[in-house]
Amino acid sequence: MLLISLIVIPALTALAVMFARNAQQVKTLSATGMSIQLIQSFYLLYEFLKERSAGNSETVLFGNRLEWYPSLHISFDYGVDGISVAMILLTSIVIFTGVFASWEVKDQAKEFFASLIILATGVFGFFISLDLFVMFLFFELAVIPMYLLIGIWGSGKKEYSAMKLTLMLMAGSALLVVGILGIYFHSDVNGSHSFNIIDLANQNFPMEMQRIFFPLTFIGFGVIGALFPFHTWSPDGHSSAPTAVSMLHAGVLMKLGGYGCLKVAIYLMPQAANEMAWIFLILTSISVIYGALGVIAQTDLKYINAYSSVSHCGLVLFALLMLNKTASNGAVLQMISHGLMTALFFALIGMLYSRTHTRIVHEMGGLMKVLPFLSVCYVIAGLASLGLPGLSGFVAEMTIFVGAFQHPDMFHRVITIIAISSIVVTAVYILRVVGGLLMGPIKNEEYNNLKDATWYERLATVTLIAAIVIIGIAPLWLSDIIMESLGVILR
Amino acid sequence: MSYSVTIFILILPLTVFVLNGLLSNKLSHRLAGWLATGSMGIATVLAWLTAYNYFFQSSSYEKLIPFQITWLRFTETLQIDMGILLDPISVMMLVVITTVSLMVFLYSMGYMQGEKGFIRYFSFLSLFSFSMLGLVVATNLFQLYMFWELVGVSSYLLIGYYYDKPEAVAAAKKAFIVTRFADFGFLVGILLLSYYTGTFDFTKITNPENAAIAGMTGISFMGLSVLTLALTLIFMGGAGKSAMFPLHIWLPDAMEGPTPVSALIHAATMVVAGVFLVARMFPVFSFHAPEALDAVAFIGAFTLLFAAIIACTQTDIKRILAFSTMSQIGYMMLALGVSGYGSEGLGFTASMFHLFTHAFFKALLFLGAGSIIHALHKNDIREMGNLRKHQPITHIVFLIACLAIAGIPPFAGFFSKDEILSAAFASNPIYFGIAALAAGLTAFYMFRLYFLVFWGNERTYEHSPHESPVLMLIPMIVLAIGSIFTGFIPFGNFVSSDSQPLQAHLNVTVAIISVMMAILGITVAWIFYKKESLLPEKISNMSGALYHTVVRKFYIDEIYLFITRKIIFNLISRPIAWFDRHIIDAFMDFTATATNWVSKEIKGLQSGQLQHYGYIFLSGVILIVLVMIFTNT
């Protein structure tokens with residue numbers, strides 16, 4: 001019931017928003033709905049920890065099965081493990097802050113907020129599903145509203161970007177469909193096929209089958225996880241998307257990729273994962289370094305953040321492919337950490353843009369003096385991004401590096417060192433932006449009249465920063481609930 | 001007193017950081033300043049009490065861990081603990097850090113008075129003290145690494161304190177990035193070490209009988225044992241933080257920060273973290289990776305001389321002191337590098353001793369420089385002169401510090417430098433020669449500074465220079481007392497490589513040589529700079545290009561700029577950005593365009609005209625028939 005209400009509440013909120021009479025009501029309704037969602041997620045965490053400490057060691061908790069299409073063995077199976085709980089928490093924090101970051105949306109506010117919340121509904125559904133088919137449906141539910149959100153409320157080359165993003169993600173989905181159907185038709189659970197992940201995990205798929213369908217599912221999910229060379233939707237998509245959409249997209253949607261790679265591709269086809277990991281390790285380590293080096297030459301804040309997301313999300317997939325518990329734990333931590341800080345970044349970029357009407361770094365300067373609150377937040381986001389201890393990024397990156405380095409194979413350790421070198425490049429581009437944007441003399445006289453953050457902007461940024469700091473200072477609880485679920489996935 | 005109160009030495013500055021940081025709009029300057037200074041005062045008292053208990057109330061100097069929690073678990077064996085490790089060097093560092101911090105906090109109350117970012121300043125300064133204290137009491141390599149990064153960022157924030165000054169912003173960025181690069185090596189070193197030993201714990205790693213470590217020496221990679229490689233990488237981290245050649249370029253620029261910050265961070269404490277790191281890992285270096293220790297000695301000796309030479313030609317008062325700091329840290333590294341273990345460990349003790357005394361006189365030099373800058377609002381020593389008339393107290397304490405750093409007995413620097421020279425003398429005559437030569441250069445550049453600033457002709461100043469307020473003078477006087485007397489501490493009794501008392505005797509031959517060198521340096525400086533003279537200019541003109549190379553700091557900065565701007569930015573980053581847009585993304589767009597084109601081309605086939613369909617159908621039939629006829633025959 002707890003889990004069902006996680007998708008019912010946002011769905012109802014989206015519905016209610018459509019009947020709102022004015023923009024104020026729309027915002028109030030959305031904010032209320034997402035606040036309830038946030039509370040629910042924390043309650044879920046509480047219940048989860050309670051069950052676990054009471055000794056309940058089942059793979060998934062609070063699960064159930066609702067028959068849907070018995071002849072094709074499709075049913076709505078749901079349940080959560082530690083990783084899903086963590087991802088649900090992330091999602092509810094990001095959508096909660098996303099609502100407040102879009103407080104100033106005026107055109108067709110009703111439709112905007114409804115689409116945004118439907119998108120979130122899809123994400124919540126994705127994280128609780130245990131049935132591949134239903135999971136895929138929710139995945140698409142999350143991707144489709146993106147087209148409208150960027151195409152209608154976006155800026156710049158919005159039609160082009162929306163189309164590009166949707167088409168590339170659709171191409172990924174096409175691979176996914178093939179992958180999922182392949183898994184389905186090769187399964188044999190009590191004499192019939194199955195879509196249920198838990199059942200499928202006990203299948204011993206033949207190697208020839210895994211060799212075909214592992215890459216399909218991995219790349220299928222990898223596209224949305226910004227796997228090189230299928231990442232180019234990201235810079236254009238983000239630069240055209242409105243603030244909250246960028247936040248949700250980079251913060252949560254890109255994580256569906258990593259989550260799917262872990263819970264579908266690697267979980268169900270471990271032998272092929274082991275055999276083919278090296279190919280993808282090379283691709284992901286290219287993502288990590290190439291993304292980071294690519295940022296240095298960018299001048300637009302959103303492009304900077306989009307490319308750095310390529311680098312950081314590359315690290316997620318990179319860590320997953322190490323196929324050991326520590327590195328994978330780091331990958332999940334990195335998903336959460338990156339989700340929070342990139343949401344913070346995009347929120348701040350939106351807030352700065354609404355004041356200065358530019359996103360080009362060298363056209364701004366000295367903002368620290370006129371916008372101290374926003375600037376300090378930006379510095380904190382930057383420091384989290386470059387992996388400062390005490391903020392979440394450090395926890396995630398170090399878990400990844402230590403885990404990856406435990407791999408007995410020399411190739412893996414060498415490639416890990418290459419990936420680690422990204423911490424230097426990250427420092428370069430973060431400090432370059434912080435220096436150019438916030439410090440130095442004020443470049444534009446008009447900036448002297450700028451107003452610092454409003455209450456809703458403060459609420460959004462402070463919530464995100466609090467989450468980043470809490471994970472950064474006390475990571476053990478989070479790392480433990482993730483680790484315990486990984487024991488099942490990486491047998 | 002139980003050692004568990006040492007935790008408060010860390011908690012106090014952390015609390016101040018958070019309070020001052022969050023309430024920076026609400027607190028008054030006075031309250032925030034005294035809150036920080038008062039807390040640091042309590043922390044200092046606690047540190048001294050801890051030291052008293054540790055050194056005088058217990059019979060053996062064992063490693064104690066009064067506090068430890070698990071912070072993050074990686075694998076069954078590898079985890080990051082947060083704890084407090086007390087042993088002679090960490091207790092000694094606690095004393096140094098809290099004492100110098102307290103002096104700098106007090107001084108800053110006067111120096112920074114009326115600054116707009118006063119509360120921010122104290123908040124960052126407290127963050128720094130917290131991080132530095134956490135660094136020295138770390139129980140494991142990873143905890144050390146975390147606090148290592150935190151001191152790095154506090155240094156960044158404080159160098160960039162005047163954030164509307166482009167030079168300060170650039171300097172802060174440079175400091176962070178150069179040390180980040182070094183930390184990359186450090187991190188890889190930690191990973192390598194932990195991969196083979198399965199632990200981050202200092203108590204396990206530095207135990208000379210540890211089997212895992214001994215096993216590691218056997219594994220080799222490209223001709224070097226993995227352990228040597230790991231320790232050299234760890235030393236790379238230390239070299240970055242301690243501004244050793246070739247990772248030193250950030251330190252002179254770091255002088256853009258407020259002067260008290262330079263005193264605390266870039267002279268007394270943070271920059272010696274690299275020395276501390278090598279000392280912390282010393283048993284491993286000494287027993288299992290002598291090659292890495294040779295590297296430490298070589299880099300130390302090179303930087304020692306290199307920085308001393310540059311210091312002789314600089315004209316910015318703070319930059320001279322910065323190069324002097326590099327040079328003195330070179331002494332400490334050299335001493336560690338030539339040291340043995342146990343009864344051979346004179347170098348180790350000497351290094352720690354010099355670290356201790358250096359903290360006092362170098363902090364004093366910076367605070368003195370701050371007092372001058374505060375009065376004159378300028379940094380160039382060529383525009384100063386005859387200040388002894390205007391700032392008599394500053395003059396006296398500055399002179400004491402100069403004598404201490406020059407190694408004139410009975411000031412503190414003499415004793416610690418003598419031990420270092422003795423250790424070098426016992427190890428390698430070349431190192432001894434370098435160290436002795438640098439001792440002469442040190443005396444020369446310090447007294448060049450001293451004579452130019454405090455003697456010479458009276459200058460016309462915009463405002464008549466005045467002596468600094470009491471709040472600034474008291475810390476200087478305290479540090480001056482330290483610079484006079486700390487040399488008499490029998491340091492070997494307390495701090496040694498194996499925690500057994502080490503008897504260090506004054507080596508008379510070495511002492512005579514080093515004092516002669518110092519006096520020679522002072523005399524030359526006296527001849528050149530006591531009164532205005534043309535001699536220095538003549539000599540610099542004579543050496544021509546060589547002189548310019550030294551003034552431009554051997555063009556190392558230019559080399560770095562070339563690599564970063566021309567190679568990394570222009571030849572790597574830009575092409576990657578271009579490649580991404582014009583090759584990879586263009587390929588994606590091309591796929592879309594191609595699909596479009598194909599659909600446009602073939603859409604004519606579905607024209608909806610019956611005769612068109614009939615025509616194609618008929619052509620097809622004829623084609624198939626023809627094919628069948630011809631393939632049959």
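This is a predicted model: local features need pLDDT of at least 70, side-chain atom pairs count only at pLDDT 80 or more; totals for chains, interfaces and linings use all residues.

Trainee: In which loop of chain A does His73(A) lie, and between which strands?

Mentor: His73(A) sits in the loop that links strand S1 (61-69) to strand S2 (74-80) of chain A. Its backbone deserves a look: although His73(A) is not a glycine, its phi is positive, about 60 degrees. A residue is buried if 20 or more other C-beta atoms lie within 10 Å of its own. His73(A) has 19 C-beta neighbours inside 10 Å, so it counts as partly exposed.

With 14 other C-beta atoms within 10 Å, Gln108(A) is partly exposed.

Helix H2 (residues 23-53) and helix H3 (residues 82-101) of chain A have axes that come within 9 Å and cross at roughly 160 degrees. Angles over 145 degrees count as roughly antiparallel, and H2(A) and H3(A) are therefore roughly antiparallel to each other. The crossing of H2(A) past H3(A) is left-handed. On the H2(A) side, the residues that meet H3(A) include Met34(A), Leu38(A), Leu45(A) and Phe48(A); on the H3(A) side, Val85(A), Ile88(A), Phe96(A) and Phe100(A) are among them. Sorted by class, this contact has 14 nonpolar, 5 polar and no charged residues.

Staying with backbone geometry, let's turn to the cis peptide bonds. One joins Phe228(A) and Pro229(A), with omega about 0 degrees. Pro229(A) belongs to the loop between helix H8 (207-224) and helix H9 (233-240) of chain A. In chain B, a cis peptide bond joins Phe245(B) and Pro246(B), again with omega about 0 degrees. Here the loop that holds Pro246(B) runs between helix H9 (226-241) and helix H10 (250-253) of chain B.

Further along chain B, His266(B) is part of helix H11 (residues 259-268). It has 28 C-beta neighbours inside 10 Å, so His266(B) counts as buried. Setting aside residues up to four places away in sequence, His266(B) touches Leu251(B), Ala254(B), Val271(B), Ala322(B) and Thr325(B).

Now zoom out to chain B as a whole. It contains 27 helices and 4 strands, and buried residues make up 56% of its 633 residues. Among contacts in chain B with a separation of 6 or more, 80% are between residues 24 or more positions apart. The largest nonpolar core has 423 residues, and those with the most contacts inside it include Leu248(A), Leu348(A) and Leu334(B). Beyond its neighbours within four places in sequence, Leu334(B) is in contact with residues including Ala297(B), Leu304(B), Ile420(B) and Tyr431(B).

Finally, there is the meeting of the chains. Chain B gives 37 residues to the contact and chain A gives 40. On the side of chain B that touches chain A, the elements giving two or more residues are strand S1 (64-73), helix H5 (141-159), helix H6 (166-197) and helix H26 (556-602) of chain B.

Note on methods
Residues are numbered from 1 along each chain as its sequence is written. Chains are lettered from A and ligands numbered from 1 in the order in which they are written. Two residues are in contact if their C-beta atoms, placed from the backbone, lie within 7 Å. A nonpolar core is a set of buried Ala, Val, Leu, Ile, Met, Phe, Trp, Tyr and Cys residues joined through C-beta atoms within 7 Å. A residue is buried if 20 or more other C-beta atoms lie within 10 Å of its own, exposed if 12 or fewer, and partly exposed in between; C-beta atoms are placed from the backbone. Axes are lines fitted to C-alpha atoms, for helices over the stretch in contact, and angles run from 0 to 180 degrees between N-to-C directions. Angles under 35 degrees count as roughly parallel, over 145 as roughly antiparallel, 65 to 115 as roughly perpendicular and the rest as oblique. A crossing is left-handed if the near helix is turned anticlockwise from the far one by less than a right angle, and right-handed if clockwise. Ala, Val, Leu, Ile, Met, Phe, Trp, Tyr, Cys and Pro count as nonpolar, Asp, Glu, Lys and Arg as charged, and the others, Gly among them, as polar.
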